[in-house]
Amino acid sequence: MKSQEGMTIIVKTVTRISVWLIFVYGIYIIFHGHLTPGGGFGGGVIIALGFLNVFLAYGKEYIKKWLNIGLLHDLEATSAILFVGIGIIGIAMTGGFLANFLSKGTLFRLFSAGTIPLLNILIGAKVGVALFLVVWSLSLFHIDEGGEQ
Amino acid sequence: MPIETWLIFILGFMIVGSIMALEIKDLLSSIIAIGIVGLALSVAFLFLQAPDLAIVQFLFEIFAIIILILAFLKKEYHKKDDPSNTNKILTLVTVITLGAILFFSIDVFKALPAFGEPYMNTAKYYLENGATETGSANLVSAIILDYRAYDTLGEVTVLFTAILGALTIIRIKKKSSGTEEDVV
């Protein structure tokens with residue numbers, strides 16, 4: 001236990017177990033966005049809070065080793081581009097931007113509602129990564145400011 | 001109890017919470033009191049049978065409290081200066097203006113529909129045709145990702161711009177301070 005960064009060993013152990021449950025819950029909310037309350041935005045915030053949980057419990061250096069921050073930026077930008085891409089495919093297939101071009105399926109099934117689950121997943125990835133990255137960037141900014149004073 | 005009684009109770013709770021947030025000297029207690037407002041709003045959404053809104057409001061309130069605690073707790077914002085005369089006059093002008101706006105907009109509230117009875121023209125269409133037209137059981141998802149997907153695109157753009165802005169500020173800071181740490 002050389003590094004004193006982050007919180008106590010109790011918090012770290014609890015986080016190690018609970019953070020995966022948080023991720024699973026967020027992914028569940030995203031994937032069932034067209035069936036139950038919630039959706040891409042709420043599930044994305046849950047995933048961002050899961051990342052934030054690890055960040056607070058383990059500290060900055062651990063996050064740098066655990067996550068590839070550049071990859072997260074790419075994921076965020078890619079999901080935004082794919083969102084617009086689905087919209088443009090909608091123009092090509094049916095003539096309306098973001099129109100629902102896939103088959104509707106049966107009501108209350110997991111694979112139904114055409115493009116809505118796809119858009120939910122993209123928004124979930126985007127919101128989850130972006131909110132975490134905002135906090136991450138602001139925390140870097142904070143340390144710089146402290147160093148100057 | 002009828003739903004209005006509960007709502008009035010929750011709104012009173014929120015008002016008490018915001019007054020506490022203003023008046024408490026300790027900064028951590030003040031941030032927690034701000035949290036009361038958002039969490040009570042989330043409960044109010046649940047009473048109004050809007051679970052989608054309640055989930056997002058609840059999560060964002062927690063997110064906001066974490067950011068507020070991270071940002072403000074270590075700093076010395078506790079000191080309180082006496083307001084100058086200019087500040088007092090400006091505050092008075094602001095309060096009078098807002099009061100006047102509220103006073104003259106009372107007629108607008110009379111024109112609003114009664115509580116629980118909105119004009120159902122658009123909403124009725126969504127309720128009747130939403131499930132068959134989009135195939136989505138959750139009508140809120142159907143509206144934000146099918147009927148109003150363009151708005152959602154704008155929402156995504158706002159987030160994108162927020163993270164871009166934060167990164168830009170940090171880049172400028174890094175260049176000016178000359179540190180070599182790698183910010184992706």
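How many salt bridges does the rule count over all chains? The count comes to two, where a salt bridge is a side-chain nitrogen of Lys or Arg within 4 Å of a carboxyl oxygen of Asp or Glu.

## Ground rules

This is a predicted model, so to speak of local features takes pLDDT of at least 70 and side-chain atom pairs count only at pLDDT 80 or more, while totals for chains, interfaces and linings use all residues. Residues are numbered from 1 along each chain as its sequence is written, chains are lettered from A and ligands numbered from 1 in the order in which they are written, and side-chain values use heavy atoms, with hydrogens and water left out.

## The salt bridge in chain A

Let's start with A:Lys126 and A:Glu76, whose side chains meet in a salt bridge at 2.8 Å, N to O. A:Lys126 sits in helix 5 of chain A and A:Glu76 in helix 4 of chain A, so the pair ties together parts that are 50 residues apart in sequence. (Helices are DSSP runs of H or I, at least four residues, numbered from the N terminus.)

Both partners are buried, A:Lys126 with a relative accessible area of 1% and A:Glu76 at 2%. Here buried means under 20% relative accessible area, exposed means over 50%, and partly exposed is in between, using a 1.4 Å probe and protein chains only.

## The salt bridge in chain B

Over in chain B, B:Lys110 pairs with B:Asp107, with the closest N and O atoms 3.6 Å apart. The two are three residues apart in helix 5 (residues 106-111) of chain B, so about one helical turn separates them. B:Lys110 is exposed at 65% relative accessibility, and B:Asp107 is exposed too, at 54%.

## Where the chains meet

On to the interface. In contact (heavy atoms within 4.5 Å) are 48 residues of chain A and 43 residues of chain B. The two chains bury about 4,200 Å² between them, 77% of it on carbon and sulfur atoms; that is the accessible area (1.4 Å probe) lost on being put together, summed over both parts.

On the chain A side, helix 2 (40-58), helix 4 (69-94) and helix 5 (116-148) each supply at least two residues that touch chain B. Helix 5 of chain A gives the most, with 19 residues. By class, this side has 29 nonpolar, twelve polar and seven charged residues. Nonpolar covers Ala, Val, Leu, Ile, Met, Phe, Trp, Tyr, Cys and Pro, charged covers Asp, Glu, Lys and Arg, and the others, Gly among them, count as polar.
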